[in-house]
Amino acid sequence: MIVAEKISIQGRVQGVGFRPFVYKTALQHAICGEVANTPEGVLVLAEGTSDNLKQFKASLEEAPGDIRQIEAIACEPHNFETFSITLSASEGLRSLHMPVDLKTCDACLAELNDPANRRYRYPFINCTHCGPRYSIIRDLPYDRPQTSMDAFTMCTHCQNEYEDPLDRRFHAQPNACPDCGPSLSLLDAQGKLLATKDTALAQAIEQLKAGKILAVKGLGGFHIMVDPTHETAIRNLRKAKRRPTKPFALMASDLEWIKEHTKMDSQEVALLTSKEAPMVLFRKKDPNFLSSVSLNSKLGIMLPYTPLHYLLLNDFGGPLIGTSGNRGEESICIENEEVLKTLNGLVDFFLVHDRPIVRALEDSIVKIVAGRPL
C-alpha cells in the first residue's frame with residue numbers, strides 16, 4: 001500500500017547539496033515525489049510503502065547541513081511516478097538559516113591542480129560542498145537569481161552540471177568556469193589595468209616578492225597581503241595603517257610550515273582545518289620568530305580557504321601577511337571602486353575580481369582557553 005507524507009526540514013539546509021542528497025536517497029529507497037526550497041526550509045513530498053518511507057526519513061538524518069527540525073505529516077498521495085527536484089518557492093514566512101561560506105573542498109582542489117581539467121587553476125572553482133554562500137546572497141531562498149552570480153550566464157557545460165541532480169554541482173549557485181564566470185584583474189595604485197586572469201596572478205606574486213603591498217579581493221572582503229620576511233614592506237604597512245605594534249595575521253600555505261614554527265596541538269589543528277577555516281592563535285616555538293609580524297609569543301594563522309588563496313600561496317611559495325583590507329578601525333572594503341579610494345596611498349597594487357560581494361565577512365579568530373575553543 002502506498003502512503004504519502006509531507007516532510008518539512010528546517011535548519012541550515014540550503015547551499016550544502018541538501019536537495020541532491022534527498023534526491024539520491026529517494027531513489028535508493030524507491031520513493032516518488034518532489035523536494036523544493038521554501039522560505040521556511042526544505043519541503044519534501046514523499047510517497048512509497050510504509051517501510052520504505054520509514055527508511056527514507058531515517059536516512060535524512062545523515063544529510064549535509066545543520067538540521068534543526070524534521071516534521072512529517074501524513075497527506076493524500078499525489079500519485080507521483082518519479083522523484084524530482086522542483087523550483088524554489090519564494091513566498092511564505094522566512095525561518096531559514098543563512099548558508100555559510102565554506103572553504104574549498106578536496107574535490108575542487110583536485111580539479112584546480114589537474115592540468116587536464118577545464119577548471120585547472122581557475123580561482124573561482126566551487127561546488128555544492130564549498131565556496132561562497134552568505135557573502136553573495138541578496139535574498140532567500142538561496143537560488144542563483146538571488147545572488148550576485150546572477151550577472152554571469154552559465155556556459156553549456158556549467159548549465160548541464162547545474163541541472164544534473166547526480167552532479168556535485170547540481171544547483172551550486174556560484175557555479176562557473178573560465179569561459180563564463182568571474183575573472184581576476186591586477187590594477188596599479190591609480191586603478192590602471194595591468195593584467196588579467198593567470199597573468200594578473202603571476203604579476204601580483206612578482207610584486208609581493210619585490211616587497212610591494214597588495215590588496216587581494218577574497219570571499220567577504222579584501223585582505224592586505226605582504227611578504228612577512230620583507231622588513232621594509234612591513235614597516236611601510238605599519239606606517240600606512242597606523243599600526244605600530246599590533247600583530248598581523250598570517251596565511252600559511254600548509255600545516256608543515258605551522259608545525260615547524262609553532263607549538264601546535266591536535267585541537268588547534270582540528271579547528272584550523274575545519275570547514276569554517278578560522279584563524280587560530282598558535283604559540284611560537286621561538287618567541288623572536290617573525291617579530292616584525294608579531295611582537296608577542298603568539299601568531300594568528302589561517303590556511304588558504306578559497307581557490308584564489310591556494311593559488312596565491314602555492315605560487316608565492318610561503319606564508320603571507322593577510323590583514324584586513326581597511327584603515328584603522330574602519331569597515332573592511334568589499335567593492336573594487338571603494339577599495340581604490342579607501343586604500344589609496346596604502347596599497348601598491350590591487351588584485352581584484354568581478355564577482356560582487358554582497359555581505360562583508362571578516363575572518364573568524366579562535367584560540368584555546370582552558371582546553372576549550374574561544
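Two strands pair if DSSP finds at least two bridges between them. Under that rule strand S10 (residues 250–251) and strand S13 (residues 320–324) pair in the antiparallel sense over 2 bridges, with methionine 251 opposite leucine 320 of S13. Helices (H or I, at least four residues) and strands (E, at least two) are DSSP runs, numbered from the N terminus.

The model is predicted: local features need pLDDT of at least 70, side-chain atom pairs count only at pLDDT 80 or more, and totals for chains, interfaces and linings use all residues. Residues are numbered from 1 along each chain as its sequence is written, and side-chain values use heavy atoms, with hydrogens and water left out.

- An open sheet of 5 strands has the order S4-S1-S3-S2-S5, and its pairing is mixed.
- S4 and S5 are the edge strands, each with a single partner strand, so one side of each has no neighbour in the sheet.
- On average, neighbouring strands of this sheet are turned by 15° against each other, direction ignored.
- S1 and S3 pair in the antiparallel sense over 8 bridges; glutamate 5 has alanine 46 in S3 as its bridge partner.
- Helix H1 packs on the sheet and touches S1, S2, S3, S4 and S5; contact means heavy atoms within 4.5 Å.
- The direction of H1 makes about 175° with that of S5, where axes are lines fitted to C-alpha atoms, for helices over the stretch in contact, and angles run from 0 to 180 degrees between N-to-C directions.
- Helix H2 also packs on this sheet, touching S1, S3 and S4, and its direction makes about 5° with that of S1.
- The buried residues of H1 are Phe18, Arg19, Pro20, Val22, Tyr23, Thr25 and Ala26; buried means under 20% relative accessible area, exposed over 50%, and partly exposed in between (1.4 Å probe, protein chains only).
- These H1 residues pack against strand S1 (2–12), S2, strand S3 (41–49), helix H2 (50–60), strand S4 (66–75) and strand S5 (83–85).

**The ten-strand sheet**

- A further open sheet holds 10 strands in the order S7-S6-S14-S8-S9-S13-S10-S12-S11-S15, again with mixed pairing.
- Strand S7 (193–196) and strand S15 (365–366) are at the edges, each with a single partner strand, so one side of each is left without a neighbour in the sheet.
- S6 and S7 pair in the antiparallel sense over 3 bridges, and leucine 187 has leucine 193 in S7 as its bridge partner.
- The two strands S6 and S7 form a hairpin with 4 residues between them, and glycine 191 in the turn has a positive phi of about 90°.
- H5 lies across S6, S7, S8, strand S9 (222–226), S13 and S14, and runs at about 120° to S7.

**Helices H5 and H9**

- H5 and H9 pack at an angle of about 50°, with their axes 10 Å apart.
- H5 and H9 are therefore oblique to each other; angles under 35 degrees count as roughly parallel, over 145 as roughly antiparallel, 65 to 115 as roughly perpendicular and the rest as oblique.
- The contact is made by Leu201, Ile205, Leu208 and Lys209 of H5 and by Leu308, Leu311, Leu312, Asp315 and Phe316 of H9.
- Helix H9 (residues 307–316) is mostly covered, with 7 of its 10 residues buried: Pro307, Leu308, His309, Leu311, Leu312, Leu313 and Phe316.
- Glycine 317 follows H9 and has a positive phi, near 90°.

**Nonpolar cores**

- A nonpolar core is a set of buried Ala, Val, Leu, Ile, Met, Phe, Trp, Tyr and Cys residues joined through side-chain atoms within 4.5 Å.
- The largest has 42 residues, and Leu201, Leu214, Leu312 and Leu351 are those with the most contacts inside it.
- At least two residues of this core come from each of helix H3 (106–112), strand S6 (184–188), helix H5 (197–209), strand S8 (214–217), H9 and strand S14 (349–353).
- A second, separate core has 35 residues, including Ile224, Val226, Leu250 and Val352.

- Most residues other than glycine have a negative phi.
- Alanine 30 has a positive phi, near 55°, and is found in the loop between helix H1 (18–28) and strand S2 (32–38).
- Alanine 30 is exposed, with a relative accessible area of 52%.
- Lysine 197 also has a positive phi, near 50°, and is found in helix H5.
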